Amino acid sequence: MTHPPSKFDLQARKAVESGNPEYALQILEDGIRCHPTSSQLRNTAGSISLQIGKPGDAAEFFRLAFKLSPDNFEIGLNCVIALSAKGDHEIALNLARDLERKGKLDPRYWSARAHAARQSGDLKEAAQSYDRCLALNPEYKRGQHGRARTALERGENDAVLRFDQAIQSNPQVADLWLGKAQALDAAGQPAEALALAEQITIQLPNWVEALTMVAQLKLSLGIAAFDQQFREAAERQPNDKAIVHAHIQVLASQELYGKAARVAKRAQATFEGDPWFELAEAINVGMSGDHERAKHIFDNLELDSPQRWLHQGRHHLRAGELTQAEKMLQLSMNESELTHTAYALLGILWRVKEDPRAVWLHEQPGIIQSRGLKGGTELFQELTSVLNYLHDKSSFPLGQSLRGGTQTRHILLNRHEAVFEELRNCILNTLEEYRLRLPPQDEKHPFLKFRDSDWKLAGSWSVRLRAGGDHHAPHIHPQGMLSSALYLVVPSENSDGSESGFLELGRPPADLGLDLPPLLTIKPAPLELALFPSTLFHGTRPFTGTNRMTVAFDVIPVPKATDDRK
């Protein structure tokens, strides 16, 4: 005798109540085999999968349930939520837009749509959707939280107030308190932000994001012991590896490699048998210049991982051992997140070897271009004025390539001021002109394989450097496909004709000890936009005279969307 779908559903819910969600899913799978057209069973299975942290499984259950019942708003909304949790934010947003007619009076709908919009980078739509949510229910907690975060990320003046309102409704949510500290900092109140952030780390000593924010704020205020809170947190939570990981990374970001290596060495005694800390020591002693010590650690390291191969490849390149370096760097490409960094180092290695692949990677005609910003002249005065105001409230960023100067917070082109939306449109138009002069599509090339794909802007920021030593150290953008520098304020030209303040493309980072000149230098000129692959090391030369201010952004390919109801 076959039970009706409701019987399986009831049994599954009882299994969840008794603390056995995995058994509940088995029951529902049995039910689905007996009733393959039941959207109810798939919807329940999706809800349970989401509860136990399996958003991919949840999204698939909801997708099939919605396919069976395309008029069921609740299932559609569940699908939006699961897709967002899975990371398919643009697909979730498109589905949410399709549900507007049925969900327009439901604050849950607007909150879910806003979250998908915010995560996909459309902060304007996110703000509008959160506002619709809160208009229907001013006390909706998720809506208050999300709207406060969106206000912070868009640079809205009432971000601190919005966090205060959300905290009043939901004071136990730690992220709201950290958000308020971030909003205070953005409002030009770093001392108040630091006091609040330090209180958070006292109550939650294992919260790495808060510990790192305290370090950033201390640096901006000129406090020497900027990493003290990591040591204190490690004493209170001695078994928490994440605290020590973050401490090492923060020290390395400030080029305190010797200190980072010592922290990693001490951690090996606390976390015996964890090779990550040996790897961290090897990386940092190598960066500090102790190549023999780095060699000894790498040679005895019992860790087979792409991270190890990447950093050992860099060590071999530093030591001039090109065959071993290339082998290691090629191995590291098994990890997609390391591919860009591996290509950047291989580009340097191939230049040293005079390998033709160096030309293929970064030197094909048209792959590096400098173009006037299309339509930018009308924006220039307002844009520079707004950016100077933002920089006056900004500070030296933690973990970036800057050596001096200030960098704006969050994603610049997502800010609420209309001038940034106009700038975005100018950039997109210029990118299309750039694309027309690129070499043909090449499926083996890390950038040109996306030549004919849809592109979108990812991170964006502005940097203001002062004359007299501020500069960018050579670096890459491992999350990008294409990187940039848009010049707004440029230093006065030197009378001796030297290229101070120029953009350098292709000079190796200093730790490699290689006497390779840059492939190309670009003279800064107002409203000139330099575009180059994100795998290419780039930096700037120090300069004298006036300040230097730029806007930069990365470009990434748009993921191919699918209709999740098919």
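Mentor: Buried means under 20% relative accessible area. Keep that cut-off in hand for this predicted model.

Trainee: Is Trp455 buried or exposed?

Mentor: The relative accessibility of Trp455 is 12%. The limit for a buried residue is under 20%. Trp455 therefore counts as buried.

Trainee: Which residue has its charged end over the ring of Trp455?

Mentor: Trp455 lies in strand S4 (residues 455-465). The charged end in question is 4.0 Å from the centre of the Trp455 ring. It belongs to Arg435.

Trainee: How many residues apart in sequence are the parts that the pair of Tyr434 and Trp455 ties together?

Mentor: Tyr434 and Trp455 form a tilted aromatic pair, 6.4 Å centre to centre, with 50° between the planes. Tyr434 is in helix H25 (residues 418-436) and Trp455 in strand S4, so the parts tied together are apart in sequence by 21 residues.

Trainee: What kind of aromatic pair do Phe73 and Tyr109 form?

Mentor: Their ring centres are 6.3 Å apart, and the angle between the planes is 55°. Planes under 30 degrees apart count as stacked and those over 60 as edge-to-face, with the rest in another class. The pair of Phe73 and Tyr109 is therefore, by these limits, tilted.

Trainee: Which helix gives the most residues to the lining of the largest cavity?

Mentor: The largest cavity holds about 60 Å³ of space. Two elements give two or more residues to its lining, namely helix H22 (339-353) and helix H23 (357-363). The most, 4 residues, come from H22.

Technical notes:
Residues are numbered from 1 along each chain as its sequence is written. This is a predicted model: local features need pLDDT of at least 70, side-chain atom pairs count only at pLDDT 80 or more; totals for chains, interfaces and linings use all residues. Side-chain values use heavy atoms; hydrogens and water are left out. On a 1 Å grid over the protein atoms alone, a cavity is a set of points where a 1.4 Å probe fits but cannot get out, and a pocket is an open set with protein on both sides within 12 Å along at least five of seven lines; lining residues have an atom within 4 Å of a point. Grid points are joined across faces, edges and corners, and a volume is the space filled by probe spheres set on the points. Rings of Phe, Tyr and Trp (its six-membered ring) pair if their centres lie within 6.5 Å; planes under 30 degrees apart count as stacked, over 60 as edge-to-face and the rest as tilted. Buried means under 20% relative accessible area, exposed over 50%, partly exposed in between (1.4 Å probe, protein chains only). A charge sits over a ring if NZ of Lys or CZ of Arg is within 6 Å of the ring centre and within 35 degrees of the ring normal.
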